[in-house]
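Morning, everyone. Let's go through the rings first, then the surface. Please have the viewer open.

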Amino acid sequence: MTALRTPFTELLGIEHPVVQGGMMWVGRAELAAAVSEAGGLGLVTALTQPTPADLAAEIARTRKLTDKPFGVNLTTLPSINPPPYDEYRRAIVDSGVTIVETAGSSPEPHMDFFHEHGVRVIHKCTSVRHAVKAERVGVAAVSIDGFECAGHPGEDDIPGLVLVPATADALSIPFIASGGFADGRGLAAALVLGADGVNMGTRFLCSAESPIAEEVKRRIVAATELDTNLIFRPLRNTARVAKNAVSDEVVRILNGGGSFPDVRDLVAGSRGRRVFDEGDLEAGIWSAGLVQGLIHDVPPAGEIVTRVVREARAALGAVLAKFGG
Ligand SMILES: Cc1cc2nc3c(=O)[nH]c(=O)nc-3n(C[C@H](O)[C@H](O)[C@H](O)COP(=O)(O)O)c2cc1C
């Protein structure tokens, strides 16, 4: 399939401007390799691996599955017992990876190290001001995550329809649009709004290579755009997760004046993992975006990449044809 070239694909040496966003417990070798092999950019999620040595092994496994470029997501969040980020960073560069997606906090503390080792950083953030700051500290590209997204949309609640063109007006480096994308109409729209590609999470979560229970994939296919909850709003650490009895309860407790210790057990990572590992949809909280409403199948990840690109080309041409352009 002919490459869909944009400044983002040229920067990274990939064929199509379609990225599989970092996903905790999901971004493993098979998924990342399938996306890259199809010409997109797959990302191995660093912290899914329990140690930096495990991450190095996962990168080696990915490289066995594809000789095309892939990257690593390094999510850095403030925490009481932070993971050894510097050791994960070291494992990434020692493994020869030259593309990193940072997310969570400012990439600034990592930039000198990544520059010294020839790494191009894509920083994912949820506001124009953070995107501008990321450009200033030297990232190569930005991934701008709108309010629609799974995971952490931030607190500004700006959907992509405004966030993407606002970002286009503010940046001079390549950037991709994230949050709410699942098909070629979305990619076409992102390009028209000024982005150089798209990042997708929920769409790739619901792919054949995604290493989660089939029950979760079936739930995503059955779900509509109404089936998410925003949890942790009163704590100003909002996360968009799938609607279930657990996330309903978390919203109820925190809206009723509860504090984090009151929901700590409900939101425990170990419970969320049971959803993905055992397919028990009510075991805990798990991330999913509004775009569930546009997802109707569970195709191979590579097919998602080629389908999205093919549909985007057709959509761009069809609109012009329809209106006599
Ligand atoms: C199950 C799941 C886990 C995720 N984990 C992470 C993560 O660890 N780090 C991160 O930067 N983003 C994470 N995300 C966010 C995605 O990378 C991406 O930004 C988001 O899904 C885009 O919105 P979409 O789902 O509408 O495509 C996760 C998303 C999902 C669905």
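Rings of Phe, Tyr and Trp, the last by its six-membered ring, count as a pair if their centres lie within 6.5 Å. Planes over 60 degrees apart make the pair edge-to-face. One caution: this is a predicted model.

So, how many aromatic pairs does the structure hold? Three. Take phenylalanine 113 and phenylalanine 114. Their ring centres are 5.9 Å apart and their planes stand at 65°, so this pair is edge-to-face. Buried or exposed, these two? Both phenylalanine 113 and phenylalanine 114 are buried.

Next pair: phenylalanine 276 with tryptophan 286. Again edge-to-face, with 6.3 Å centre to centre and 65° between the planes. Phenylalanine 276 belongs to helix 13, residues 269-278. Tryptophan 286 is in the loop between helix 13 and helix 14. The pair therefore ties together parts that are 10 residues apart in sequence. What about burial? Phenylalanine 276 has 8% relative accessibility, so it counts as buried. Tryptophan 286 has 3%, so it counts as buried too.

Now charges over rings. Arginine 240 places its charged end over the ring of phenylalanine 147, 4.9 Å from the ring centre. Arginine 273 lies over the face of tryptophan 25, and here the distance to the ring centre is 4.1 Å.

Last, the surface. Which residues make the nonpolar patch of about 290 Å²? Ile158, Leu161 and Val162. Valine 162 sits in helix 7, residues 160-170. Why does valine 162 count as exposed? Because its relative accessibility is 52%, and exposed means over 50%.

That's my tour. Over to you.

Notes
Residues are numbered from 1 along each chain as its sequence is written. This is a predicted model: local features need pLDDT of at least 70, side-chain atom pairs count only at pLDDT 80 or more; totals for chains, interfaces and linings use all residues. Side-chain values use heavy atoms; hydrogens and water are left out. Patches are made of residues with over 30% relative accessible area and no salt bridge: like charges are joined within 9 Å, nonpolar side chains (Val, Leu, Ile, Met, Phe, Trp, Tyr) within 5 Å. Accessible areas come from the Shrake-Rupley method with a 1.4 Å probe; for residues, only the protein chains shown count as cover. A salt bridge is a side-chain nitrogen of Lys or Arg within 4 Å of a carboxyl oxygen of Asp or Glu. Helices (H or I, at least four residues) and strands (E, at least two) are DSSP runs, numbered from the N terminus. Buried means under 20% relative accessible area, exposed over 50%, partly exposed in between (1.4 Å probe, protein chains only). Rings of Phe, Tyr and Trp (its six-membered ring) pair if their centres lie within 6.5 Å; planes under 30 degrees apart count as stacked, over 60 as edge-to-face and the rest as tilted. A charge sits over a ring if NZ of Lys or CZ of Arg is within 6 Å of the ring centre and within 35 degrees of the ring normal.
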